[in-house]
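Reader: I am new to this structure. Could you take me through how to read it?

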Amino acid sequence: MIERSDAARRDGEDPLADHLQLFAIPEPEVIYMDGNSLGRPPRMALVKLERTAWQEWATGLVRSWDHWVGEPGRIGDLLGTELLGAEPGEVVISDQTSVNLYKLASAALAARPERPVIVTDDTNFPSDRYVLSGVAAAAGGELRVVDADPVLGPQPDDVAAALDDRVGLVSLSHVGYKSGAIADMAAITSLAHDVGARTLWDLSHAAGIVPVELGETGADLAVGCTYKYLNGGPGAPAFLYVRTDLHSQLQQPIHGWFGHADMFAFADDYRPAAGIGRFVTGTPPMLAVAAAGAGIETSVQAGIAAIRAKSLSLTGLLIDLFDEILGPAGFTLATPRDEARRGGHVAVRHPDAAAICRRLIDRHRVLPDFRPPDTIRLAPAPLSTRYVDVWDAAHAVAAAVAV
Ligand SMILES: *Cc1c(COP(=O)(O)O)cnc(C)c1O
């Protein structure tokens, strides 16, 4: 039996325990298990929002653009070098994830018209599959959707079987949005490169929760959002990654002035900037960029190694509690048990999941996340979730089965 006091003891020994104070938590009695959908606000983000509005917008007015123009690149560098294993100049804050996916997938296919096929898998986020299928169709190709194991996610062998010399791009999520399974970025990238295809990784459920090694794995391209584990705020601007040697080989399809080599020359013709800037399109939303920057800084200060260690320990506790109380209550585990393959959340399935989630919200003050038809995702964000929250949440889930 795992007692609540065991969880409390682990909170007492947790080196990240004091990070809870860095977050604005106006309703402490609510147990939040949805940090993979919308992260809690760091206090610093709320302060930065107000400061940016008063000092930079109200007071600085248009003069603030002198430093605003550099912010998406500066914050991109911090994110890229500290959390994603990228080099400076390879990551920039821009647009939404879906838009960045469109831009980079289109750029990759346009560079090699003889390879208009994209490979993805059936556990990938639906929006990604919609975007990729549109891009492939526009290039005169098709989207090949590999059948993946719903719990373990796409395996290198699954992807290998779909590759041939018509494939220009393999695009997968690094961490599956439903199961939380980690796909093997190094092995899959290497298989894609063997047949001459490039890889485009969606890091939305990976950034700020698992260490990502874009440089080391040889990944070509990546996108992701900042409002999940990076706590950047609702609809916060996303990021994109393009490996340095590809900057000159790829051109994105939306030729906006922010991607121009000399935007303030107001030239008649589009000439793409030399570096990562060519993948930017228009004016960045500076209030939202400020909040996203604060969210990213909060994770950087904690350190990705410490975040990952606590995350595995929290999800490990959830899985132990699954074995003790949720399995016997009729749930099945839909997340890999292997730590090396487990992202930041634990998914459980139950035929009555929709009603269970309603009861959790209405009666137990637990905010879980329901994914139809039968999946409940429990995401204990390591910087703002305690071990006792995980214990309470698991016991509430078990209690919510019985009416
Ligand atoms: C959250 C998420 C998105 C979100 O895309 P938006 O354009 O920000 O709405 C995209 N892809 C994946 C894999 C996600 O998890």
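Reader: Which residues does Ser311 touch, not counting residues up to four places away in sequence?

Author: A contact means heavy atoms within 4.5 Å. Ser311 touches Ile209, Gly343, Gly344 and Pro382, with residues up to four places away in sequence not counted. Before we go on, note that this is a predicted model: local features need pLDDT of at least 70, side-chain atom pairs count only at pLDDT 80 or more, and totals for chains, interfaces and linings use all residues. Residues are numbered from 1 along each chain as its sequence is written, and side-chain values use heavy atoms, leaving out hydrogens and water.

Reader: Where does Ser311 lie? Is Ser311 buried or exposed?

Author: Helices (H or I, at least four residues) and strands (E, at least two) are DSSP runs, numbered from the N terminus. Ser311 lies in helix α11, residues 304–326. Buried means under 20% relative accessible area, exposed over 50%, and partly exposed in between (1.4 Å probe, protein chains only). Ser311 has a relative accessible area of 0%, so Ser311 is buried.

Reader: How many helices and strands does the protein have? What share of its residues is buried?

Author: There are 13 helices and 13 strands. Buried residues make up 55% of the 403 residues. Contacts tell a further story. Take those between residues at least 6 apart in sequence: 70% join residues at least 24 apart.

Reader: How is a pair of aromatic rings described?

Author: By the distance of the centres and the angle of the planes. Rings of Phe, Tyr and Trp (its six-membered ring) pair if their centres lie within 6.5 Å; planes under 30 degrees apart count as stacked, over 60 as edge-to-face and the rest as tilted. The whole structure holds 7 aromatic pairs. In one of them, the rings of Trp65 and Trp68 have centres 5.0 Å apart and planes at 85°, so the pair is edge-to-face.

Reader: Where do Trp65 and Trp68 lie?

Author: Both lie in helix α3 (residues 65–68), 3 residues apart, about one turn of the helix. Trp68 is buried, at 8% relative accessible area. Trp65 has 25%, so Trp65 counts as partly exposed. Trp65 also forms an edge-to-face pair with Phe258: 6.4 Å centre to centre, 65° between the planes. That pair links distant parts of the chain, 193 residues apart, with Phe258 in the loop between β8 (239–242) and α10 (286–302). Phe258 is buried, at 14%.

Reader: Which residues do ring pairs link into a cluster?

Author: Trp65, Trp68, Trp257, Phe258, Phe264 and Phe266.
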